[in-house]
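Thanks for coming. I have one structure to go through today, and I will keep it short.

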Amino acid sequence: MIGKLNHVAIAVPDLEAAETQYRNMLGADLSPAQDLPDHGVRVIFVNLPNTKIELLYPLGDASPIQSFLEKNPNGGMHHICYEVDDLAEACHHLTKSGARVLGDGSPQIGAHGKPVIFLHPKDFNGCLIELEQA
């Protein structure tokens, strides 16, 4: 069901410092910062030949990234995103198999302008999984 790895997301306590670090120390190709108010985050993508790294920073105190950073003040890996050919079919299969889709279960539009869902980390070995329509 899952396809290629779309990105690995890292929550960061200082987006500008992370951007500088990836650009200057690692020589990375970075996207411009993008605010996603519906998700409560500001993101920058590190473009790699085979995938992306998503740097996440909270937009406001209600952001899920803010609560993550309160528990992990230095930041850290937040989630892994896989592509799926049919998000509705994947969601149906997963919920039928006992997995929990976060939120109300309806897809939201993600940073790439495509529908996404998130799966509860307790159902996947402690890892938050994002599925994105390919």
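This is a predicted model: local features need pLDDT of at least 70, side-chain atom pairs count only at pLDDT 80 or more; totals for chains, interfaces and linings use all residues.

The chain contains 3 helices and 9 strands. In sequence order, the pattern reads β-α-β-β-β-β-α-β-α-β-β-β. The radius of gyration is 15 Å, close to the 14 Å from the globule rule for 134 residues, so the chain is as compact as a globular protein of that length. Along the principal axes, the C-alpha trace spans about 45 × 35 × 25 Å. Of the contacts with a separation of 6 or more, 54% are between residues 24 or more positions apart.

Now the surface. The accessible area of the chain is about 7,600 Å², and carbon and sulfur atoms account for 51% of that area. There are 17 negative side chains and 9 positive ones. The centres of those two sets are 5 Å apart.

On to the interior. Of the 134 residues, 43% count as buried. In soluble globular proteins, nonpolar side chains tend to be buried together. Here, the largest nonpolar core has 13 residues. Which of them touch the most other members? They are Ile117, Leu119 and Leu131. Two or more core residues come from each of β6 (76–84), α3 (87–96), β8 (115–119) and β9 (128–133). The element that gives the most is α3, with 4 residues.

Leaving out residues up to four places away in sequence, Leu119 touches Leu94, Arg100, Val101, Leu102, Phe124, Leu128, Ile129 and Leu131.

That is what I have.

How values were computed
Residues are numbered from 1 along each chain as its sequence is written. Side-chain values use heavy atoms; hydrogens and water are left out. The radius of gyration is taken over C-alpha atoms; the globule rule is 2.2 Å times the number of residues to the power 0.38. Buried means under 20% relative accessible area, exposed over 50%, partly exposed in between (1.4 Å probe, protein chains only). Contact means heavy atoms within 4.5 Å. Accessible areas come from the Shrake-Rupley method with a 1.4 Å probe; for residues, only the protein chains shown count as cover. Lys and Arg count as positive and Asp and Glu as negative; His and the chain ends are not counted. The place of a charge is taken as NZ of Lys, CZ of Arg, CG of Asp or CD of Glu. A nonpolar core is a set of buried Ala, Val, Leu, Ile, Met, Phe, Trp, Tyr and Cys residues joined through side-chain atoms within 4.5 Å.
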